[in-house]
Amino acid sequence: MMKFDFLFQSSPWFIPLCFLLAGLYAFVLYQKNTNWTKTQNYLMATFRFLAVSILSMLLLSFLIRQVSQKIQKKTVVLAIDNSQSMNVVGAEVLEDLKKNLNDLKESLQEKDYEVAFATFNEENTQNLEKLQFKQKTSNLSNLLSGIKNTFEDQNLTDVVLISDGIVNEGIAPASESFKFPVHTVGLGDTIPKKDIAVKTVYANKIAYLGNKFPVQTDITSFGFEGKTANVYLKQGAKVLEKQTITFNQKEDLKTLTFNTTATQIGVQHLTVEVDFLSGEFSNRNNRQEVYIEVIDGKEKILLLALAPHPDVKALKSIIEKNENYELDVKILTENANPEITKAYDLMILHQLPDAYNTFSNVFKPLLDKGIPTFFVMGNQSGVNNLNQLNQVMQINADFGESDKVTGIFNNNFKVLNFETEQMNIITKFPQISVPFGDYTLLPNSEVLLYQRVGAVQTQKPLLAMNIGAKKSAIFTGEGLWAWRLEEYQLSEKQVVIDDVISKVLQYISAKDDKRKLRVYPLKTPLSLGEKVVFETEIYNAIYEKLYNLPIKLTIKDEKGFTRNYTYSTSADNTKFEISGLPAGVYRFNASATVLGKSEQSTGEFVIQDLQIENINLTADFDVLRQLSNKTGALFVQKNDFEKLKQKILSHEVPDKIEATEDLKEMINLRWIFFLILTLLTAEWVMRKYLGGY
């Protein structure tokens, strides 16, 4: 349905005036003429009158509003749980399900309903014969939320969810609010199966070479009271450890801990496996994989301090939160010649150099080696000596002169990611002492925190970093310990300032990647069935990107089987995809000749075969009933589709009208132009024909 309205941008009383002026003009122009008849005279006068009237009204800037209205059909969405656990009901039941769904669809369409389908993986289910139940997780809340968003502007009246009620990802669907009724169809057996399963496996994602690390697992059983089973921790075919358990109850849970040693660098693929006993419903849940990255030691940090200080303890607490760091603290007033035998990745100098440059023989050789350094100043710091050693800033201040400031986050700082709202807490921290004087940033330096005096933000840096080739940072204040205490007082957490210091340390200690060829997977770990997508970067001597060079990629799995690929990149596509790889740990080597020199890039990735769907195979109809009850809908089992159809058809919902409005100026309508042209042309042709011109 469509209707038109005229909107006036000037007084409508001008319209009669337009008609009056057009009529006077036509009257004056077409007085009685003996060359043509009275009818011909009236006709040409009418043409002129209409043309001039329309032209005059165009000057009034009329608007034409066109409103289109369309009645939306009632829509029903059939949401299908196409996860692996649905296969438990058997192929015959699933075939009957597809037939019932097709029948329901046709019945609703006959009643002028729109019918749509939805699945976990947005699979095209218009042809239900091709529907496969292979999804590795069940997230019913996400499925229903997707329907809510997709059909938000449509006349969605009912949703039918076909599921076994097993939820192993996301939140309980009944905990969300839906404005439409969600009818549920329960499939599966709610009676627990006689089964043993590896329910969960817990392990740290990272272990250090040569260290022992624990692998903890939960083994569940049903119907095997009094029986024993062996549980194995394996690496490939090798058994690392075996434990024997006895199930004491009909429904039992046993927690075991294995301790093994990290003997090899890289991602290690371990398996926890339990014996398959006679009478078990399924053996698909008798094993689970776990992947652990073994690295060769922690990043070594040296903290050299002039003297004992609360800030030293604060820095120590922040650094020790990160288990990837190994920290050595040396107080030079207690030991003027500490033994430094390790190769450190990062150095922190607290109140060094001092005013007399007392211990330069200790830290100067380390600085000369180019070790990334974080300077933390205090009241004993020697500003002039610091100016000669750092590449972050120059401070023009006399020894002993200080100022009291607090900090404020630089919103334009983009080198590291911080949430501005979270960083605002820094303005509430107590004042700390900084050198009083002029501050000048050196090239490649960025300010993270500015000094704030009272309520006034200055342009003097409180925490700044050099992000050039030789990374370093300076914190010009003394009182980190007070900031940490105040943050805990305000929020009962020590997060913000610890996060700032940690990220600064990580950034300046990160080693620059100078490789000309870089090949790496965009995501790891991946799930079985996902494509492995490699990103490729090739650079020339001045690190401009290169393209169209042949790249050889070799991928080797845990069994030593090698797959070889060759590809090239372009400015439009720098990615290379591989699909169909089985689960496991893969190591790859990419090679290319760049400007006559052979370049290589190596790495590894993991493909996991998630067995979440096999852990619990007992249908949970209570989840479905709760969802239907909450939305005022119906719960039925697999044989009650007729009852479900009648419930949907009896759901009286008012029609939903979709209206669209289009506003146009009359002068922009083409047909107006052609109408005026036609009127004037007709008048001219008549006058020409009758000898008026």
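User: How exposed is Leu 17?

Analyst: Some ground rules come first: this is a predicted model, where local features need pLDDT of at least 70, side-chain atom pairs count only at pLDDT 80 or more, and totals for chains, interfaces and linings use all residues. Residues are numbered from 1 along each chain as its sequence is written, and side-chain values use heavy atoms, with hydrogens and water left out. Buried means under 20% relative accessible area, exposed over 50%, and partly exposed in between (1.4 Å probe, protein chains only). Leu 17 has 38% relative accessibility, so it counts as partly exposed.

User: Which residues of helix α6 are buried, and how wide an arc do they cover?

Analyst: Helices are DSSP runs (H or I, at least four residues) and strands likewise (E, at least two), numbered from the N terminus. In α6, residues 360-368, the buried ones are Val 362, Phe 363, Leu 366 and Leu 367. They lie on the same side of α6, because the arc around the axis, taken from the directions from the helix axis to the C-beta atoms, is only 110 degrees.

User: Which residue in β31 is the bridge partner of Glu 535?

Analyst: Two strands pair if DSSP finds at least two bridges between them. Strand β28, residues 532-538, pairs with β31 in the antiparallel sense over four bridges. In β31, the partner of Glu 535 is Lys 575.
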